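Please read the points below alongside the sequence and the model.

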Amino acid sequence: MAVLGAVGDTFVSSVAPLFILALGSTPLYIGLLATTEHIQKIARFVGIRLVSRTGKGRLMAGSRALAVLPVFGLTVLALWGTPSLYAILIALILIAAREFIRQVGNTVWWALIQDNTAGDAFGTFMARLRVRQRWASLVVPILVGWYLGTSPVHGRFGWLFVAGIVTGLMGAYWSLGVREGKPASQTQGAFGQLSRAFRLPRVAWLAAFMSTYQLLYAAAGSMWVVALSNHGLGAMAFVWMGSLAALGQVISLSVWGRLVDVHGPRSTLSLTLLSKAAIGLAWLTLPTESTPLHIWAGLFYLAWGVLDGGQNLARSRAMMDAVPNDNQVAGFNAIMYAGSLGGIVGGVGGGWAFGYLVDTDAYWQGYPAELVYLTSLQVLLVISYFLTRKLTGYNENQSTREVLRSGLK
């Protein structure tokens, strides 16, 4: 199910920024696209209400099946539409609708993970699951990038969306076979369950971490495609960058998984967040010539993939430790909602700010202002690092220094 989801996202979500660029989009609409990825999580209120009636597997399967309907609309828009503001807005609505429907099912994703994992082997299990996902994310984008070419017209995206429909239906069928635990009985509505989860300090601090990280990442990361495209990176190469990020995860996830299982999430979060902040300085060295630009982008995405894999594993383990079984579904989604709120603010604000800087063609100390913007936002990820010091088990986990010292013995 996870692998099919990754493949489907490559055919739809991963190419969505390139699709709306082909329709004539500006940075503002790219920012709005990033924002829609977070707004749809409001659909999890629906999932929280439905899960006690449908069960977790059927809720996931139903959402995956219904989510192919907006993708059908994207197919029609790609094959028979014409570039215009209206086409961009329709595409944004359809992409948001797909994710909205999928998020109803994603309400139970982490609950299903918790139902199928043992605490001491969580990192190993998640590493194995994500390695398989990333292999799909490594191979499929290479084929997609080759198919799209350097400057694809909007019509070439149509058959990718058809492939997304097929994998979506396959994922829906596969969801029915996942083992699930019985949902905890709830006497409160969705708002009451979420409020009870937020009142737990261990959930509240993790929510604060997620919202801060997603705000900074959405404000900067969603603009990478614009910055790299403006400097001459073609669509085909940009899709291939996703494969390099996936390769970074594939080659490192098993190591991160063992590190999280043995030492807890503290050291992994510290290493990955501080390293992500540090490599933000690389934006000030972005080349303008084609070959150096491609090498720069490849190394950046490879490094990001290595770090992102470790951070996601450690954050997932921190979630498992923070969320109680008696409020399982709402607890996980309280954290996701907090991240979404940060992502909404970051996506809208980042799209506006980056577009303004590009239009003004401003410089600061000899550097293009938009690259200074990307650098500054990424360096500010150190704020997220400081918030990890409040997470559950932080004081019980080994510090990065202790882990490194033990590894050298």
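This is a predicted model, in which local features need pLDDT of at least 70 and side-chain atom pairs count only at pLDDT 80 or more, while totals for chains, interfaces and linings use all residues. Residues are numbered from 1 along each chain as its sequence is written, and side-chain values use heavy atoms, with hydrogens and water left out.

1. The chain as a whole. The protein chain contains 20 helices and 2 strands, both taken as DSSP runs numbered from the N terminus (helices are H or I with at least four residues, strands are E with at least two). Of its 409 residues, 58% count as buried, where buried means under 20% relative accessible area, exposed over 50% and partly exposed in between, with a 1.4 Å probe and protein chains only. The accessible surface comes to about 17500 Å², and 66% of this belongs to carbon and sulfur atoms; such areas come from the Shrake-Rupley method with a 1.4 Å probe, and for residues only the protein chains shown count as cover. Among contacts (heavy atoms within 4.5 Å) with a separation of 6 or more, 87% are between residues 24 or more positions apart.

2. The nonpolar interior. A nonpolar core is here a set of buried Ala, Val, Leu, Ile, Met, Phe, Trp, Tyr and Cys residues joined through side-chain atoms within 4.5 Å. The largest such core has 99 residues, of which Phe-19, Phe-157, Phe-161, Leu-228, Trp-283 and Leu-374 touch the most other members. Helix α16 gives the most to this core, with 11 residues. Apart from it lies another core, of 7 residues, which includes Val-131, Leu-253, Trp-256 and Leu-313.

3. When neighbours within four places in sequence are left aside, the contacts of Trp-283 include Trp-224, Leu-228, Trp-296, Phe-300 and Leu-374.

4. Side chains of opposite charge can pair when their charged atoms come close. With a salt bridge taken as a side-chain nitrogen of Lys or Arg within 4 Å of a carboxyl oxygen of Asp or Glu, a search of the whole structure finds 4 of them. In one, Arg-317 meets Asp-261 at 3.9 Å, N to O. This pair links distant parts of the chain, with Arg-317 in helix α16 (residues 290-322) and Asp-261 in helix α14 (residues 235-263), 56 residues apart. Arg-317 counts as buried because its relative accessibility is 14%, and Asp-261 does so at 19%. In another, the closest N and O atoms of Lys-276 and Asp-308 are 2.5 Å apart. Lys-276 lies in helix α15 (residues 265-279) and Asp-308 in helix α16, so the pair ties together parts that are 32 residues apart in sequence. Both Lys-276 and Asp-308 are buried.

5. A charged network. Arg-98 forms a salt bridge with Glu-99, the closest N and O atoms being 2.6 Å apart, and both residues are buried. Salt bridges that share partners join Arg-98, Glu-99 and Arg-102 into one network.

6. A patch on the surface. Which residues form a nonpolar patch on the surface? They are Phe-72, Val-76, Leu-79, Trp-80 and Trp-159, with about 600 Å² of accessible area together. Patches are made of residues with over 30% relative accessible area and no salt bridge, like charges being joined within 9 Å and nonpolar side chains (Val, Leu, Ile, Met, Phe, Trp, Tyr) within 5 Å. Helix α6 (residues 68-80) supplies the largest share, 4 residues. Trp-159 has its place in helix α10 (residues 158-175) and counts as exposed because its relative accessible area is 57%.

7. With neighbours within four places in sequence left aside, Thr-75 is in contact with Gly-158, Phe-161, Val-162 and Ile-165.
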